[in-house]
Amino acid sequence: MRTLITLTSLLISTSLLLVGQGMQLTLLPLRATSNGLSDFLIGVSASAYFLGFVAGCLLIPRIIAKVGHIRSFAVLAAMMISAILSLEMLDGWLPWLVLRFLTGAVICGLYTVIESWLNDQTSSESRGQVLAIYTFIILASMALGQVLINVGPADSSTPFILAAVFMALAIVPVGLTSRLAPAPIESTRIRFNLLYRRSRAAFAGTLLSGLVVGSFWALGAVFARRYGSSMADVTWFITAGIAGGALFQYPIGWLSDRVDRRYVMVFLSVAAVLTSAAVALTVTHSLHLLAVFLFGAATMPLYAISLATAADNSSAEEFVEIGTSVLLLNALGAASAPILLGQLMSQFDATALFWSFAALSSLFSIYLLVQTRDKDQIVAAEDHVPFSAAAPEAAPTGFSLDPRGPGDAVGDLQPADSVGVDECHPDPGEPAPPRPLQQ
């Protein structure tokens, strides 16, 4: 309880920031539609946002190390507010690409400030509790942001101004805190090859999560606007997906602690096939929101389950490296899919978005099912690391909060030394997994 009291100002700032973030994630595709941008260009702009997120993970921690957390938070929030208000005023596709890239980089920097601060103020005993509260704040605040979009039409300035107001208010609690900011964050390595060797199922599940959930954030509002009669229909659509993911994350996590997580991932990917098809088929039916709710329940927990699966197959010392690789792979998947799926929506019909989700989930279901036959990557249920809630709307420093990681590890998404992001050859000094994998 004492830890939570000391973190009150930071958590309030986080909540205010993410209300505005939740609003802008849905508002921008809707405004792009009003501006006459094609589905393809809307997908490209969403890809620019996720690429900006990746760039922010790589570059902004160096800025934080130079000027400190409080100054960085204020500067990054000011840049975010300026970008959102500029997007409200501009309608050309090229400025949109640049500004959406900037918003992705800046929000990642803001997450990095928040999470490294949380880690610095959190003891090893309270990390699980703080991580759960932080994840709940992310999801609840972004869901609240969907409701507040209805203050005005998407083609008016009112919702954009309100989103900017929430982000501006987020500076106040952090700016007035009397507590010292944490020490500069350290760096960690990003190694896709290590993630793949430790768990091919986790690698596939992470990529599927990025492709599907990232595209849902990028184009879901555009899809909902095609078949909805009002802005309220759009906000209920997005909120239903978030609610499904939030409410089912813990039950699915509880189940994954007791059975082979790879079977849980197969179940989720098959459920994603069925629920994606259900969303596409029920666009004019009263059960449409239920289908979206179940779609969120099937797809949004994939990230956390993939992260837990990777943790089961790696040592505690590797977890921050593994976690940053999971996050980056998820972001790259989210950056690549909207371009193609936006084009498919333009050429065919908006339902092509969810039919594409069904097709992608089918392919990954087959791959994941094949992986369950690999006895070398079986981890007994009693050897599972306890499931912890996780959201891809975060930064790499959040992995230092996770009780699955080493107690003194702090990570951002900077490459170490001269090692590339994706090493092509195994590291001869790489430690073996912490225990032999068992049936």
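**Reading a predicted helical chain**

Q: What share of the residues of the protein chain counts as buried?
A: Of its 439 residues, 61% count as buried. The accessible surface of the chain comes to about 16,500 Å², and 67% of that area belongs to carbon and sulfur atoms.

Q: How should I read the largest nonpolar core, and which residues have the most contacts inside it?
A: The general idea is that, in soluble globular proteins, nonpolar side chains tend to be buried together. In this model the largest nonpolar core has 120 residues, and Phe223, Phe237 and Phe354 are those with the most contacts inside it. Helix 10, spanning residues 200–227, gives the most to this core, contributing 16 residues.

Q: Which residues does phenylalanine 237 touch, leaving aside those up to four places away in sequence?
A: With those sequence neighbours left out, phenylalanine 237 touches Phe216, Gly220, Phe223 and Ala224, together with Val279, His288, Leu289, Val292 and Phe354.

Q: Is glycine 244 buried or exposed?
A: Burial is judged by relative accessible area, with under 20% counting as buried; glycine 244 has a value of 0%, and therefore it is buried. Glycine 244 lies in helix 11, which covers residues 231–256, and, not counting residues up to four places away in sequence, it touches Phe293, Gly296 and Ala297. The C-alpha atoms of glycine 244 and alanine 298 are separated by 7.9 Å, although the two residues are 54 residues apart along the chain.

Q: Why can helix 14 be described as largely enclosed by the rest of the structure?
A: One reads the burial of a helix residue by residue; helix 14, residues 302–312, is largely enclosed because eleven of its eleven residues are buried. Among them are Leu302, Tyr303 and Ile305, as well as Ser306, Thr309 and Asp312.

Q: How many disulfides does the count come to?
A: The test asks for a pair of cysteine sulfur atoms within 2.5 Å, and by this rule the count comes to zero disulfides. As for individual cysteines, cysteine 57 is buried with a relative accessible area of 1%, and cysteine 108 counts as buried at 0% relative accessibility.

Definitions and conventions. Residues numbered from 1 in each chain as written. Predicted model: local features only at pLDDT ≥ 70, side-chain atom pairs only at ≥ 80, totals over all residues. Heavy atoms only, no water. Core = buried A, V, L, I, M, F, W, Y, C linked by side-chain atoms within 4.5 Å. Buried < 20%, exposed > 50% of the residue type's maximum accessible area, 1.4 Å probe, protein only. Helix = DSSP H or I, 4+ residues; strand = E, 2+ residues; numbered from the N terminus. Contact = heavy atoms within 4.5 Å. Areas by Shrake-Rupley, 256 points an atom, 1.4 Å probe, with all protein chains shown as cover.
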